[in-house]
Amino acid sequence: MSAPTLDIENLKLGFKGYTGYTEVLHGISLSVNPGERVALVGESGSGKSVTARIVLGLLQELRAARIEGRVRFEGQDLDSLNRRERHALRGKAMSMIFQDPTSSLNPVFRIGDQFHDVLRRADPRITRDAALGRAASILAEVSVRDAVRVLNAFPFQLSGGLNQRVMIAMALANEPALLIADEPGTALDVTVQAQTLHLMRKLVEDHHTAVLFISHNLGVVREFADQIYVIYKGRIVEQGPTEAVFDGPRHPYTRALMAAVPRLTGGGIPDIDENSPDFGAPLETHEREGRQ
Amino acid sequence: MKRTLAILLANPLSLLGVVLVSLVVLSALFADFIAPFPEHRGAVVDFVNFNKAPEWPYIFGTDLVGRDMFSRILYAYRISLILGVVVLAIAVPIGVTIGLVAGYLGGRWEYALMRLTDVFLSVPPLVLAMSIMGVLQPTLANGMLAVTAMWWPWYTRLVYNITRGEKEEGYVLAAEVIGASRAHIIFREILPNCVPAIITKMTLDMGFVILIASSLSFLGLGVQPPTPDLGSMVADGAKYLPDSWWLTIFPGLAILVAVFGFNLIGDALRDILGAEQ
């Protein structure tokens, strides 16, 4: 088996502030294989998003952040790269999509020009026309039919769902090996979210892109991911193939999380302890099939 | 752009502003053709017609050496506008760049640049300009320098505050993630989002720069005679009030028309461009 696209080993992160040192991640490990869709699930503040920032090399530049552990991207240790080399990875080998598609696009530029900027990352000499042509063909893959209108529009002239598709198309335009999706579409309504997730899934399958999917929405994760990691207060508490974790959650926190999903049939949301001692239980691993 | 212009012309107040500013700009541009006595902008003496109340052909009267006030006001507009344009052309890029850099980079940069800005802002503007003019020779170029030195910090403040807000927007993070350089993010992503505010402030400031420059020359620290300047014309005439009222009233009105016109447009632009965001 080839090297995993992303391999995180015992990653710790702390911030030095005025009040002292606060550790946010207490040693998490996870790996994403080429073409695999991996979900990182947890509540707000559990450390999902900072993990993504570290992978992108954005936190390393912060002086207040202390990072320990190993993050390997396609076999390369991110720590061994200098700022310039990490910078070169972003936008080309890895890219990211965000919660709110509309605010992630610059309001004063047309979509087409923003596509041009993105494509220039990979090919600095690409002409505007070539970029627009390429953009139209990627947009077609996310079922945007009137690409010409979309490319000529400003972000605020398009619906949230359309902007989300534009974001996905932009993120995949340079054929990255890894796509990080930070709660994509949380700002959209449920039907649009489902539709765009479906499109995204098809697209990453076609392009064989590995995805690190960060979410608190279990329903979405179940639909989308192959592997799932449950994170709680900076620790991975349960990991394994999606089916296995959903069929037989072992860790008390995972069970509580699943019980907390609101149901259409009503019945209320069970009371969950904010901080049950059970949640500190050690990591539960479901073996992956065909590995190890 | 077209829409902005249409709204500007639809509102009676901003329409008045456009009319006044057009009048000022046109009279400055075509002073050579409009002025009945173009040679009166220089050191000309005509003791036959000195200190005359308004009458044909001297519609605004004549000054103490017999020069046509109307012609001199037209040429004074030219000086005022050149001064305003030059001051803003230097102050705005400097102020905006410092504001963007301080706002986006933060940390030490922010500390150093914003404290420097505070130093300039802590001195009352006219006092700062006066002390610069007091040290240097009172010429037009030094006048521009003095006004510029007191003007850029306001743009730094303005742009710094906008940048602090825009920095948190998703598109900036998206640009960082995609690997855009700092220069690209600062100038190609954030700056375009500051442009409406900058343009609005520039329009408002055009009037204020003219006013400040006039104040300087009123105090004898600006443009020197015989070059016509609205501020020094008011100052010279003030001694002869109320008898020779035309010596002060007309240059004063000229300042009022220019400042008022630019302010009306600036206010309207603020409403239009502000509403779009």
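Where does A:Glu183 lie? A:Glu183 is in the loop between E7 and H7 of chain A. Phi of A:Glu183 is near 45°, a positive value in a residue other than glycine. A:Glu183 counts as buried, with 20 C-beta neighbours inside 10 Å. The cut-offs are these: buried means 20 or more other C-beta atoms within 10 Å of the residue's own, exposed means 12 or fewer, and partly exposed is in between, with C-beta atoms placed from the backbone.

Before I go on, the ground rules. This is a predicted model, in which local features need pLDDT of at least 70 and side-chain atom pairs count only at pLDDT 80 or more, while totals for chains, interfaces and linings use all residues. Residues are numbered from 1 along each chain as its sequence is written, and chains are lettered from A and ligands numbered from 1 in the order in which they are written.

Another residue with positive phi is A:Glu74, at about 50°, and A:Glu74 is not a glycine either. A:Glu74 sits in the loop between strand E4 (65–73) and strand E5 (76–77) of chain A. With 17 other C-beta atoms within 10 Å, A:Glu74 is partly exposed.

Now H7 of chain A, residues 190–207. H7(A) has 18 residues and reaches 26 Å from its first C-alpha to its last, close to the 26 Å expected at 1.5 Å a residue. The expected span is 1.5 Å times one less than the number of residues. Which residues of H7(A) are buried? They are A:Gln193, A:Thr196, A:Leu197, A:Met200, A:Leu203 and A:Val204. Seen down the axis of H7(A), the buried residues fall within an arc of 130°, so they line one face of the helix. The arc is taken over the directions from the helix axis to the C-beta atoms. On the face turned away from the buried side of H7(A) are the exposed residues A:Thr191, A:Glu205 and A:Asp206.

What covers the buried residues of H7(A) includes strands E3 (37–41), E7 (178–182) and E8 (210–215) of chain A, together with helices H4 (128–141), H6 (160–172) and H8 (218–224) of chain A. After H7(A) comes A:His208, with a positive phi near 55°.

Staying in chain A, A:Val150 is found in helix H5 (residues 147–152). A:Val150 is buried, with 23 other C-beta atoms within 10 Å. Leaving out residues up to four places away in sequence, A:Val150 touches A:Ile111, A:Leu139, A:Val144, A:Leu158, A:Leu162 and A:Val166. Contact means C-beta atoms, placed from the backbone, within 7 Å. A:Val150 and A:Leu162 are twelve residues apart in sequence and 8.5 Å apart in space, C-alpha to C-alpha.

On to chain B. How many helices and strands are there in chain B? There are eleven helices and zero strands. The C-alpha trace of chain B spans about 75 × 45 × 30 Å along its principal axes. Of the 277 residues in chain B, 45% are buried. Among contacts in chain B with a separation of 6 or more, 68% are between residues 24 or more positions apart.

Two helix pairs. The axes of H9 (residues 182–218) and H10 (residues 230–238) of chain B come within 7 Å and cross at roughly 40°. Axes are lines fitted to C-alpha atoms, for helices over the stretch in contact, and angles run from 0 to 180 degrees between N-to-C directions. H9(B) and H10(B) are therefore oblique to each other. H6 (residues 125–135) and H7 (residues 140–167) of chain B pack at about 145°, with their axes 9 Å apart. Residues of H6(B) in this packing include B:Leu128 and B:Ile132, and those of H7(B) include B:Leu145 and B:Met150.

Helix H5 of chain B is another matter. Of the 16 residues of H5(B), the number buried is one, so H5(B) lies largely in the open.

One peptide bond to check on the screen: B:Leu241 and B:Pro242 are joined in cis, with omega about -5°. B:Pro242 is in the loop between H10 and helix H11 (246–276) of chain B.

Last, the two chains together. The contact takes twelve residues from chain B and 18 residues from chain A. H8(B) gives the most to the side of chain B that touches chain A, with six residues.

Conventions
Helices (H or I, at least four residues) and strands (E, at least two) are DSSP runs, numbered from the N terminus. Two residues are in contact if their C-beta atoms, placed from the backbone, lie within 7 Å. Angles under 35 degrees count as roughly parallel, over 145 as roughly antiparallel, 65 to 115 as roughly perpendicular and the rest as oblique.
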